[in-house]
Amino acid sequence: MNQKSNPSGRRNFIKNTAIASGIFIVPRHVLGGPGYLAPSDRLHLAAIGSGGKGASDIANASVNGRERVVALCDTDFSGSAKSTVEKFPKAKLFNDYREMLDKVKGIDAVTISTPDHVHGPAAAYAMERGKHVYVQKPLTHNIREARMLTQMARDKQVVTQMGNQGGSNPLLDMVQKWVDSGALGRITKVEIWTNRPVWPQGYAMPEPNPDMKPEHLYWDLWLGPAPERPYIPNLHPFNWRGWWDYGTGALGDVGCHLIDIPYRTLNLKYPTAAECSVGTVFSQMWNPDYHPEGCPATSFITLNYEATEKTGAPLTMTWSDGGIRPSHPEIIPADSDIGGPGSYNGVLIHGENGVISTNINDSSPLTPKLYLNDGTTEFGPEVEEMPEPEYGHQRKWVDACKAGFGSPEHLELTSSFDYAGPMTETVLMGNLAIRSYMLQKPNAEGNMEFYGRKKLLWDGENMKVTNFEDANQFVTRTYREGWEV
């Protein structure tokens, strides 16, 4: 909040004036009774994306009604957003977030819980107007947007948080302790895997059918920065994840939960290189299906990092999705899960003296486990206590908004854009490798060949692949007119 609308500034002015004049002012909370909050003490919140994950984001940010939700935006209020409207009946409703932010005066902070392709444009529009922002993971749809939002948050001095709520999981302190103690010795490898995608992915984009568009869906606003096209059935509200114009695949869905664990605990920076391979589907013999407009059904990514003070050595990180998981380490008993329950998702941090195994850190049991070569083991709890929703991730952001940019509350946030921006860039680097891997062009014989299937060398500071220029098109995207970032 700017100085003119800062509740702390207003309270201090009144308090200091009273002291100087000798006038005694009865506190508003006394006049209003126990638990009363003066209007100036309540943050004015708005939501961009009010259904699905947006419903819980704005509800948790309201802190059981402690804060005031003044406006809601969604491109379709007939779906899951309907319950949010019922929860906050006094909020003004909008279908276009630009109209909402321009018309509703006094909005302090905004939750953004849209499909991935709208995260960057909506967050930039809000921050340009001095609003604090909470943005669902992944922070952005492409690397350039992540870098821009990170810098914009500093320039505008707004309080930010990405919606990877597991970053606020206190059990991560246990993993950090094991790393910091040096128990693993030199750390050279991290393996990460997931059972995603759990939505349709890996086939041709469905054909448009405008006749099937839901009556209350504002399709053009839903498309936002993506190319204009007729309504495509079933992309809204969830199955957009598998198409590059809108989603970021399995990496975008859970990469910010899984990669967050080693990125945070090992103090990683930008990767230095990336390479990948993807699963191939054959509907006809000797003719692989080719659908570059969408994410593959499964992929395997390798990212390389320079040594940090936490690793003591250069690090190789691998990611696999589509249910492909790494081999079971010898040090972990054969009948034990790796990662989380059922070994569906997980992280293995390999050191010369042993391995750390953890689950995804969203709101699942983290189940951190340490196995050392000398037989030492240490396990975290199998069941987590969560005294407030999602480890208080949204509430902590709200408290930081009220305390102000640069406050202790702000600096203690686990996923402000200073951290979430670079971490999201690592996640999106995997997608850049996938899209480069799928590039085709005709060879001298006139046959189509894949020409981007190589290790990509990455200059993180300058956001540039240095050995394959065509890969750099995926650092950003082409924006529809009126939606540029």
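Gly120, Pro121, Ala123, Ala124, Met127 and Glu128 in helix 6 meet Glu145, Leu149, Met152, Ala153 and Lys156 in helix 7 (contact means heavy atoms within 4.5 Å). By class, this contact of helix 6 with helix 7 holds seven nonpolar, one polar and three charged residues (Ala, Val, Leu, Ile, Met, Phe, Trp, Tyr, Cys and Pro count as nonpolar, Asp, Glu, Lys and Arg as charged, the others, Gly among them, as polar). The model is predicted: local features need pLDDT of at least 70, side-chain atom pairs count only at pLDDT 80 or more, and totals for chains, interfaces and linings use all residues. Residues are numbered from 1 along each chain as its sequence is written, and side-chain values use heavy atoms, without hydrogens and water.

The axes of helix 6 (residues 116-128) and helix 7 (residues 143-156) come within 10 Å and cross at roughly 15°. Axes are lines fitted to C-alpha atoms, for helices over the stretch in contact; angles run from 0 to 180 degrees between N-to-C directions. Helices (H or I, at least four residues) and strands (E, at least two) are DSSP runs, numbered from the N terminus. Helix 6 and helix 7 are therefore roughly parallel (angles under 35 degrees).

Ten strands form an open sheet with mixed pairing, in the order 16-15-14-13-7-12-11-8-19-20. Two strands pair if DSSP finds at least two bridges between them. Strand 16 (377-379) and strand 20 (464-465) are the edge strands, each pairing on one side only. Strand 11 (residues 299-305) and strand 12 (residues 315-320) run antiparallel, joined by six bridges. Ile301 stands opposite Trp319 in strand 12.

Technical notes. Angles under 35 degrees count as roughly parallel, over 145 as roughly antiparallel, 65 to 115 as roughly perpendicular and the rest as oblique.
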